[in-house]
Amino acid sequence: MDDRHARAAASRDGHLALLRVERQQQLLELLDHSGTLTTSELATRLGVSVRTVERDIERLRDVGVPFITRPGRTGGIAFDPPHPTASIEFDTTEIAAIISAMAIVGANSSPSAASATAKLTAALRPES
């Protein structure tokens with residue numbers, strides 16, 4: 001593969017990764033607001049295949065996102081955080097790292113992303 005093709009592939013891969021992150025954020029927001037949904041319902045709402053939803057859930061589970069899976073006709077997947085809100089302490093460099101990651105994804109790509117970015121940047125401002 002020549003350099004031109006390598007750059008194009010890297011660009012495409014980065015773009016696909018960005019789309020995946022945005023979709024996974026949407027998936028979590030849907031489950032947070034709607035409760036239990038089937039993979040078919042999630043796929044329809046996200047405009048992707050059921051298999052894509054299954055892969056996204058698997059990736060999120062792999063990094064520790066808590067889900068509950070309910071089998072059967074009334075079953076589905078639910079996002080199940082142990083605490084609706086959690087108090088977490090970050091040092092300045094950790095906050096900066098998260099803000100940098102948010103800038104890549106899009107600090108305003110979703111209401112949750114915008115809210116998180118606003119809270120993080122406020123934490124870096126000096127006390128008035």
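Predicted model: local features only at pLDDT ≥ 70, side-chain atom pairs only at ≥ 80, totals over all residues.

User: Which residues does Thr117 touch, leaving aside neighbours within four places in sequence?

Analyst: Thr117 is in contact with Met102 and Ala107. Contact here means heavy atoms within 4.5 Å.

User: What makes Glu54 exposed, buried or partly exposed?

Analyst: Glu54, in helix H3, has a relative accessibility of 35%.

User: How much of the whole protein counts as buried?

Analyst: The protein has 128 residues, and 25% of them count as buried.

User: How many helices and strands are there, and in what order do they run?

Analyst: The protein has five helices and two strands. Starting at the N terminus, the order is α-α-α-β-β-α-α.

User: What makes S1 and S2 a pair of strands?

Analyst: Two strands pair if there are at least two bridges between them. Strand S1 (residues 67–70) and strand S2 (residues 76–79) are joined by four bridges, so they meet that condition. The two strands run antiparallel.

User: Which residues in S2 are the bridge partners of Ile68 and Thr69?

Analyst: Ile68 has Ala78 as its bridge partner in S2, and Thr69 has Ile77. Five residues lie between the strands of this hairpin, and Gly72 in the hairpin takes a positive phi near 100°.

User: What makes a group of residues a nonpolar core, and which members of the largest one touch the most others?

Analyst: A nonpolar core is made of buried nonpolar residues joined through side-chain atoms within 4.5 Å. The largest nonpolar core has 14 residues, and Leu27, Leu31, Leu42, Val53, Ile57, Leu60 and Phe67 touch the most other members. H1, helix H2 (39–46) and helix H3 (50–62) each give two or more residues to this core. H1 gives the most, with four residues. In soluble globular proteins, nonpolar side chains tend to be buried together.

User: What is Leu42 in contact with, apart from neighbours within four places in sequence?

Analyst: The contacts of Leu42 are Leu27, Leu30, Leu31, Leu37, Val53 and Ile57.

User: Which residues does Val105 touch, on the same terms?

Analyst: Val105, found in helix H4, is in contact with Leu18, Val21 and Glu22. Val105 and Val21 are 84 residues apart along the chain, yet their C-alpha atoms are separated by 7.2 Å. For the protein as a whole, 47% of the contacts between residues at least 6 apart in sequence join residues at least 24 apart.

User: How do you know what lines the largest pocket, and which residues are closest to its centre?

Analyst: A residue counts as lining if it has an atom within 4 Å of a point of the pocket. The largest pocket has a volume of about 1400 Å³. Its lining has 33 residues, of which Gln25, Phe79, Ile88, Ser112 and Ala116 are the closest to the centre.

User: Which helices supply the lining, and how does it divide by residue type?

Analyst: Helices H1 (3–34), H4 (92–105) and H5 (111–124) each supply at least two residues. H1 gives the most, with eight residues. By type, the lining divides into 21 nonpolar, eight polar and four charged residues.

Terms used
Residues numbered from 1 in each chain as written. Heavy atoms only, no water. 1 Å grid on protein atoms, 1.4 Å probe; cavity = no way out; pocket = protein on both sides within 12 Å on 5 of 7 lines; lining within 4 Å. Points joined across faces, edges and corners; volume = space filled by probe spheres on them. Nonpolar A, V, L, I, M, F, W, Y, C, P; charged D, E, K, R; others polar. Buried < 20%, exposed > 50% of the residue type's maximum accessible area, 1.4 Å probe, protein only.
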